[in-house]
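Dear colleague,

I am passing on to you the structure we spoke of, with a short account of what was found in it. Please look it over before reading the notes that follow.

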Amino acid sequence: MSTTQQTYSELLEEIQQLRAELAAVKWMTEKRARELYISEERFSLAMRGANDGLWDWDLETDEVYYSPRWKSMLGYEAHQLTNNISTWARLVHPDDKDIVLKKVQDYRNGLIPSFETEMRMRHKAGHDVFVLSRGFLVRRDPDGKPIRLVGTHVDITERKKSEAFNNQHAEILEMIAIGRPASEIYDAIALMYESRYPGLRCSMLELSGNVLLHGGGPSLTKAYCEAVHGLRNGPNVGSCGTSTFTGKRVLVENIETDPKWADIKHLALPHGMRCCWSEPIKNSSGKVLGAFGMYYNHPALPNEQELKDLISAARLTGIVMERDQAQKRIRALAYSDELTGLASRASLIQHMEEIMKVSDRYNRRFGLLYIDLDNFKWVNDSFGHDAGDAMLKTIALRLKNTCRETDFIARLGGDEFCVLVEEIEADYAASVAKRCLAVTTEPIAIYSRNFSPSCSIGIAYYPDDGNNPAALLKAADTSLYTAKDGGKNQYAFYRTELTHKAHYRFQIEQKLKEAIESQQLTLVYQPQVNVVTGETFGAEALSRWHHPQRGSIPPSDFIPTAERIGMIKPLTEWVLRTACQQLIAWQSEGFHRLCMTVNISRHFFLDTDCVALVQRILQEAGIKPQQLILDISASMVQTDPRNLAIFQDLKALDVLLAIDDFGNDYSPFAALYHFKTDYLKIDNYFIDKMIADEKAFTLVSTLVRMGHELGYGIIAEGVETPEQLSFLKALNCEIVQGYLFSKPVSAAQFSALLHSDKHKIILGQCRVNKIA
């Protein structure tokens with residue numbers, strides 16, 4: 001070959017090599033671009049997955065990207081697992097593998113709308129990790145065939161353990177309830193707590209006299225169980241022997257070096273046991289029945305949760321050892337919600353059955369509040385079950401703090417709660433519901449995020465809305481959906497009229513304070529007439545409220561409300577001041593002998609500022625104390641030293657006092673001996689019946705005569721007919737008031753009555769009946 005040909009051949013070879021290198025560079029550039037694109041997508045998905053493990057499955061090549069969090073969830077470093085589907089197949093539990101793959105295939109084929117499943121994965125340390133896996137298709141080929149599936153793994157091990165523990169707990173309590181052999185229950189208890197902590201072994205020893213007897217220990221060797229069976233307890237007989245001797249908890253960190261195990265450590269060390277924690281098992285009176293022990297194969301002391309479980313295990317075992325106390329302990333340990341610590345649905349049903357019997361016996365009723373959190377599923381789906389659990393715990397604590405100790409609170413499951421409340425006053429259940437709504441809507445901080453939850457509440461009453469637990473729960477649930485249909489974040493009664501009534505009451509509460517402070521209320525006056533002279537003796541001031549939207553609101557609605565919300569003092573002060581000022585106005589018209597009567601409620605009467613306020617208003621208005629009559633309810637006239645002192649202080653001001661509604665069920669006749677009163681006002685109940693009912697007439701005549709003999713003036717209320725007036729005149733009743741003379745009228749209308757002869761005309765037309 002010539003030199004020229006050789007040079008050309010070498011040049012051609014170099015060109016071909018350069019082309020290959022350029023092609024390789026191009027391929028690498030494109031590959032890196034694809035990887036960068038995929039990485040960007042994964043980064044975006046990772047942000048959505050927060051702290052979850054991320055996986056990215058190429059369905060054509062079976063290559064799978066596992067994020068560092070995905071691997072660390074199973075105890076592996078980022079470089080320790082290969083990125084292919086066989087890694088998952090090797091780690092997933094054999095019983096779950098086919099189930100998961102079928103769900104994947106169904107999702108790829110469009111048979112199910114989403115991919116979500118739970119599975120068990122093997123941790124590097126050898127134990128199972130429960131994960132919740134969610135995925136979605138992010139790419140298809142031009143033919144529509146799925147080629148890429150991306151998703152997340154969430155560690156739900158603790159939730160699954162809690163569920164399993166609850167199920168085991170319930171099964172054990174069922175074993176106790178039906179009377180299964182104690183040895184079976186002991187083993188079940190041990191296995192339940194062992195399942196919570198890998199490597200833990202439990203034992204139960206019963207105390208017979210001062211001898212320890214093996215009760216249960218399914219994970220302990222037979223040789224060890226036989227060795228400790230029959231030991232006598234004492235101050236240095238291992239952990240359980242010492243615990244039963246002292247009646248106190250014994251925590252031994254190292255069996256080999258602890259002096260309490262010096263004489264018997266040779267029984268434990270050959271079987272791998274290195275620490276032992278013991279809790280004495282006691283009955284309800286505190287007597288030691290045995291000991292519950294926990295062992296590990298390494299020296300250790302219990303953490304907070306292990307210590308709680310040690311105590312709980314000993315108590316549960318005590319139920320078995322003390323069968324005659326089983327029912328009380330079953331209720332205490334069985335019927336509780338593991339997550340929130342509230343009573344469970346089963347406990348609620350049991351309590352409802354008990355309270356229904358009591359309610360039937362004493363003719364009482366109680367309310368059931370059915371509470372459901374609004375949009376709770378969104379919290380679980382968006383932020384994970386741990387966030388949802390944290391919210392449920394917070395809501396449960398708030399409900400406990402806002403209700404009375406006597407109210408029974410339970411979690412039915414999920415985001416549903418119930419509260420049983422006994423009605424101590426009208427609409428008390430609505431008051432509790434209002435408080436529950438308020439505390440639920442307070443913000444909750446979870447994982448550095450603020451949530452503003454809300455709830456809807458349905459209210460049903462026993463026996464009105466249901467005469468058994470199932471019926472009452474159904475009624476409350478029905479009313480719950482009524483509340484939700486109404487816009488959520490509210491409560492509703494099973495009966496519509498109760499809802500309207502409660503809303504009306506709360507609207508009165510909201511508007512009354514504003515009405516009192518801005519003096520939107522008015523006074524009307526009913527004349528009191530002297531039956532001998534026909535002149536107007538005085539006026540009784542009565543408050544009225546006309547609301548711009550709701551119209552006229554009766555005093556029977558707003559006076560009790562004012563007492564309940566603490567507004568009775570400013571209301572009474574306004575009435576006293578306005579009435580006294582009006583009396584001065586009438587006196588300026590020439591009616592100098594008029595008296596003004598004002599009603600005093602029990603709440604104001606017992607106020608420490610009552611006497612001082614009356615004195616201050618008398619001085620401000622400039623009226624004589626003898627022209628003010630304070631109406632005191634008959635129910636307040638008791639021989640309580642506190643009441644007597646207030647009466648004496650008011651009389652020291654020289655104001656006149658009248659016992660209102662005298663003759664009703666609450667009138668304490670004995671108190672008339674102790675209290676210096678000026679007038680007795682006979683209840684209109686007897687005035688209304690005195691014509692047709694001989695007994696009522698006898699009572700009225702007796703009250704009038706007794707009042708005169710004791711030196712009291714008599715005022716008859718509710719006089720509506722000439723016949724009633726005639727009989728009262730015959731009985732020498734001095735003062736009357738009622739619709740016969742006038743209904744309560746405005747100040748201007750009352751002035752017109754003062755200037756007229758209407759009252760004298762009515763009295764002149766009245767024929768006095770002769771009393772036999």
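The accessible areas given here come from the Shrake-Rupley method with a 1.4 Å probe. On that basis the accessible surface of the chain, in what is a predicted model, comes to about 38800 Å², and 50% of this surface belongs to carbon and sulfur atoms. Of the 772 residues in the chain, 47% count as buried, and the secondary structure is made up of 27 helices and 26 strands. When contacts between residues at least 6 apart in sequence are considered, 61% of them join residues at least 24 apart.

Two places were looked at in detail, beginning with helix H10. This helix covers residues 304-321, and because its 18 residues at 1.5 Å a residue should span 26 Å, the 26 Å between its end C-alpha atoms agrees with expectation. At the start of H10, the backbone nitrogen of glutamine 305 has a side-chain oxygen of asparagine 303 within 3.1 Å. The buried residues of H10 include Glu306 and Asp309, along with Leu310, Ile311 and Met321.

The other place is arginine 398, which lies in helix H14 (residues 385-402). Arginine 398 is buried and yet has no salt bridge, since the nearest side chain of opposite charge, that of glutamate 442, is 4.3 Å away, whereas a salt bridge requires the nitrogen and the carboxyl oxygen to be within 4 Å. The side chain of arginine 398 does, however, reach the backbone oxygen of valine 439 at 2.9 Å. Leaving aside residues up to four places away in sequence, arginine 398 touches Val439, Thr440, Glu442, Pro443 and Ile444.

Methods. Residues are numbered from 1 along each chain as its sequence is written. This is a predicted model: local features need pLDDT of at least 70, side-chain atom pairs count only at pLDDT 80 or more; totals for chains, interfaces and linings use all residues. Side-chain values use heavy atoms; hydrogens and water are left out. Helices (H or I, at least four residues) and strands (E, at least two) are DSSP runs, numbered from the N terminus. Buried means under 20% relative accessible area, exposed over 50%, partly exposed in between (1.4 Å probe, protein chains only). Contact means heavy atoms within 4.5 Å. The expected span of a helix is 1.5 Å times one less than its number of residues. A polar contact is a pair of N or O atoms within 3.5 Å; within protein, one must be able to donate a hydrogen and the other to accept it, and residues adjacent in sequence count only if both atoms are side-chain atoms. Lys and Arg count as positive and Asp and Glu as negative; His and the chain ends are not counted.
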